[in-house]
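Colleague: Could you take me through the place where the ligand sits, slowly, as if I were new to this? Then please show me how the rest of the chain is laid out around it.

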Amino acid sequence: MAELHNNTIWKHADKDLADGSAQVISILQGEGHEAFWVGGCVRDEYMGRTVNDMDITTNALPEVTLSLFEKVIPTGMKHGTVTVLMHGHAYEVTTYRIEKGYEDHRRPSEVEFVDDIEKDLRRRDFTMNAMALAMDGRFVDPFGGRSDIDDRLIRCVGDPKVRFQEDALRMIRCIRFASNFGFMIAKDTWAALLEQRSTLGWVAMERIRTELDKLMSGPDPLRGLELIREGRLYEHVKMPFPYRGHQSAYISAIPAVRMSSPEQVDVRYALLLLGCRIPSSTPLLRQWTFSNRRMELIKKLLQLQEAWTENSEGLTSEQARLLWIRCVLIAGEPIAALWLELQQAVQTAGGTPAVDIPQARAWLSGMPVKSLRELALTGDGLLSAVGRRGGPWMKPLLSHLLLLAASGQVGNDTTLLIEEAKRVIIDEGI
Ligand SMILES: Nc1ccn([C@@H]2O[C@H](COP(=O)(O)OP(=O)(O)OP(=O)(O)O)[C@@H](O)[C@H]2O)c(=O)n1
């Protein structure tokens, strides 16, 4: 087996990930085939960015690759892709190929396997993504990817018009890379993007949204949003415009949301929607093909914003506390905590938050009960205590008890809660 050089090559990848991929390349080479690391992993390593996955390209035909490995999945044989499992990682191993007949600006209708790595690299989108790396650390970089990275430049391989015609999503990728890496876009690449932008309509919204997610969770989402505005791509990505850029405190706050968990990107989207004053977010979130879970999260953040801002003016401190507790109970504690992060971001960006953040945090952490689950009286407990059958009267009564317990007006104690329930039933004739 060929000697493994991966530890000296991969300074920004997990050791197991690098070792597994080197093993795959060694096995292919041991059978007389060429094999290289390719694409995003090579770019990221050169840039000193963390490498999270590794793709391999080879002149071995997919059936050959399939036969050489024990744990292997024929993920896309027609397109030359086989997934090899090694050292607990999955690697896409793709045969050198050229692509033909992009009739729908999305995907090739035909691929042809070739025997020359340079031909494979030529079909790729940007020079920085069209590099391969050999086991001995040698770069195959026929289009000047490293020099463009050094110049902080995104440039299409070959004719940019053709690259964007082949797959219109590349236009959004271009903006995503420019935004996330802080790179400029080469003049002819940008000109082609402006010329080809209408073809974005051909691309499935899911693919666009995946790119938007990467842009929105990156270090400089405002740059990406500005580029989308400048390129007038918003109609094609269903971007909520008018986007007033930095004029809105909400928009300015987007990068101030720290990306400490996956949900934070949705806090950023909520700020975008608030900044664009979208009257109803549901149709847009649907168009953007968010999962129900993410859609609910964003909607709840917006609802909480509305419930608070519309009702909190002119309240005494105690009234404000009760309103806040009601909001927390309706939205749920995790959403309330995320909403406070949203407010924090507004403040960090120099805007005025909708709430006194330390005060709301203190009120939140001082709540003895934060959800129905924590209430010392269950629905069944209530029924047996009052000797009645269940019905629509229960929900408002339990909510009332929850609010009292959460705000400390009644202790979270079964006896006390039953007493209060009986009082309400008698007083209100339920
Ligand atoms: N529309 C596309 C998508 C991908 N590629 C090529 O396929 C490689 C792998 O693509 P992908 O894994 O989607 O993205 P990465 O470039 O690896 O970037 P990231 O990991 O940041 O998404 C790219 O580097 C590029 O060479 C392409 O030419 N055109």
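**The ligand shell and its surroundings**

Modeller: The ligand lies between domain 1 (1–143) and domain 2 (152–239), because both of them give residues to the shell around it. Before we go on, keep in mind that this is a predicted model, where local features need pLDDT of at least 70, side-chain atom pairs count only at pLDDT 80 or more, and totals for chains, interfaces and linings use all residues. Residues are numbered from 1 along each chain as its sequence is written.

Now for the shell itself. The residues around the ligand are Gly39, Gly40, Asp55, Arg124, Asp125, Asn129, Ala130, Asp167, Leu169, Arg170 and Arg173. They split into 2 nonpolar, 3 polar and 6 charged; here Ala, Val, Leu, Ile, Met, Phe, Trp, Tyr, Cys and Pro count as nonpolar, Asp, Glu, Lys and Arg as charged, and the others, Gly among them, as polar. Helix α8 (residues 169–181) gives the most to this shell, with 3 residues. Helices (H or I, at least four residues) and strands (E, at least two) are DSSP runs, numbered from the N terminus.

Let's step back to the whole chain. Besides domain 1 and domain 2, the assignment gives domain 3 (240–367) and domain 4 (370–430), with bounds that come from an automatic or database domain assignment. The centres of domain 3 and domain 4, taken over C-alpha atoms, are 30 Å apart. Where these two meet, 8 residues of domain 3 are in contact with 6 residues of domain 4 (contact means C-beta atoms, placed from the backbone, within 7 Å). On the domain 3 side, helix α17 (residues 317–331) gives the most, with 5 residues. That side of domain 3 divides into 5 nonpolar, 1 polar and 2 charged residues.

In total the chain has 22 helices and 11 strands. Its radius of gyration is 28 Å, well over the 22 Å that the globule rule gives for 430 residues, so the chain is more spread out than a compact globule. That radius is taken over C-alpha atoms, and the rule is 2.2 Å times the number of residues to the power 0.38. Along its principal axes, the C-alpha trace spans about 85 × 50 × 40 Å.

UniProt, in an unreviewed entry, lists residues 271–420 as "domain: CCA-adding enzyme C-terminal"; its positions are given in the numbering used here, feature names are shortened, and annotations may be inferred rather than shown by experiment. Over residues 271–420 the chain is 66% helix and 0% strand, and the end C-alpha atoms are 41 Å apart.

Finally, two loop residues are worth a look. Histidine 87, in the loop between β4 (81–86) and β5 (89–95), has a positive phi of about 50 degrees although it is not a glycine. Histidine 87 is partly exposed, with 16 other C-beta atoms within 10 Å. On this scale, 20 or more such neighbours make a residue buried, 12 or fewer make it exposed, and partly exposed is in between, with C-beta atoms placed from the backbone. Arginine 232 is in the loop between α11 (221–230) and α12 (234–237), and its phi is also positive, about 45 degrees, although it is not a glycine. Arginine 232 counts as exposed, with 12 C-beta neighbours inside 10 Å.

Key: Near = placed C-beta within 6 Å.
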